[in-house]
Amino acid sequence: MNNDRRLVNIALIGFMGTGKTTVGRLVAELLRFEYADTDELIQAQTGRSINDIFQNDGEPAFRALEQKIVEELARCTRTVIATGGGLPVNPKILASLKQHALVVSLWSSPEKIWERVRHQSHRPLLHDPDPQAKIRELLAVREPFYKQADVLLNTELRSVREVAQQVIHQFRLESPDRR
Ligand code: S3P
């Protein structure tokens with residue numbers, strides 16, 4: 001791993017419904033780290049829902065907010081950062097996260113993702129006449145970006161606790177002075 005990096009945080013990237021929030025919260029609890037979620041921070045800073053931002057300002061405006069939040073998060077230490085599913089498509093954002101965080105990508109099949117998100121309505125990109133096709137389409141476009149993470153973890157056959165333990169194990173391997 002590049003020695004210029006200062007791995008004081010953990011960032012979880014991956015598609016909607018792969019478990020970033022649940023795994024992130026557990027990893028933070030187990031390591032006694034802070035927890036930050038880019039979607040929550042955007043909503044707190046703007047006082048608006050993600051749906052509202054997408055509908056009224058458009059996706060590019062949302063992506064600009066994501067970039068601003070990630071720039072602010074570069075000041076954090078001992079923090080688990082859960083990110084919105086589309087965030088790593090911007091190479092600047094991924095590069096920024098990699099400066100200070102071990103980047104872990106959570107992965108699931110489109111079928112499992114659909115099972116997890118089908119009863120939720122807070123994700124504007126899935127307000128589509130054929131959300132399952134949309135998931136497959138977006139996953140195909142984003143796969144090369146998710147694969148740029150330091151660690152890839154399939155969350156489909158593992159419990160939340162197992163995934164969290166794997167994330168911690170990898171963090172300790174890469175950041176041995178921070179046990
Ligand atoms: C998005 C994923 C969402 C949220 C927004 C856009 C995406 O976050 O950032 O709805 O582009 O995949 P989650 O991955 O936490 O659902």
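A nonpolar core here is a set of buried Ala, Val, Leu, Ile, Met, Phe, Trp, Tyr and Cys residues joined through side-chain atoms within 4.5 Å. All the views below come from a predicted model.

**View 1. The largest nonpolar core takes in 30 residues.** Ile13, Phe15, Leu97, Val103 and Ile135 have the most contacts inside this core. At least two core residues come from each of β1 (9-14), α3 (50-57), α4 (59-73), α5 (91-100), β4 (101-107), α6 (110-117) and α7 (131-146). Apart from this core sits another one, with 20 residues, including Ile10, Val104, Ala164 and Ile168.

**View 2. Here's Val103 and what it touches.** Leaving out residues up to four places away in sequence, Val103 is in contact with Ala11 and Ile13, with Leu94, Leu97 and Lys98, with Ala149, Asp150 and Val151, and with Arg5.

**View 3. Leu87 is in the loop between β3 (79-82) and α5.** Setting aside residues up to four places away in sequence, Leu87 touches Thr38, Arg63, Glu66, Val70, Ile93 and Leu97. Tyr146 is 59 residues from Leu87 in sequence, yet the two are 9.8 Å apart in space, C-alpha to C-alpha.

**View 4. The largest pocket has a volume of about 630 Å³.** It's lined by 32 residues, and Met16, Lys20, Asp39, His122 and Arg123 are the closest to its centre. By type, the lining splits into nine nonpolar, 14 polar and nine charged residues.

Methods: Residues are numbered from 1 along each chain as its sequence is written. This is a predicted model: local features need pLDDT of at least 70, side-chain atom pairs count only at pLDDT 80 or more; totals for chains, interfaces and linings use all residues. Side-chain values use heavy atoms; hydrogens and water are left out. Buried means under 20% relative accessible area, exposed over 50%, partly exposed in between (1.4 Å probe, protein chains only). Helices (H or I, at least four residues) and strands (E, at least two) are DSSP runs, numbered from the N terminus. Contact means heavy atoms within 4.5 Å. On a 1 Å grid over the protein atoms alone, a cavity is a set of points where a 1.4 Å probe fits but cannot get out, and a pocket is an open set with protein on both sides within 12 Å along at least five of seven lines; lining residues have an atom within 4 Å of a point. Grid points are joined across faces, edges and corners, and a volume is the space filled by probe spheres set on the points. Ala, Val, Leu, Ile, Met, Phe, Trp, Tyr, Cys and Pro count as nonpolar, Asp, Glu, Lys and Arg as charged, and the others, Gly among them, as polar.
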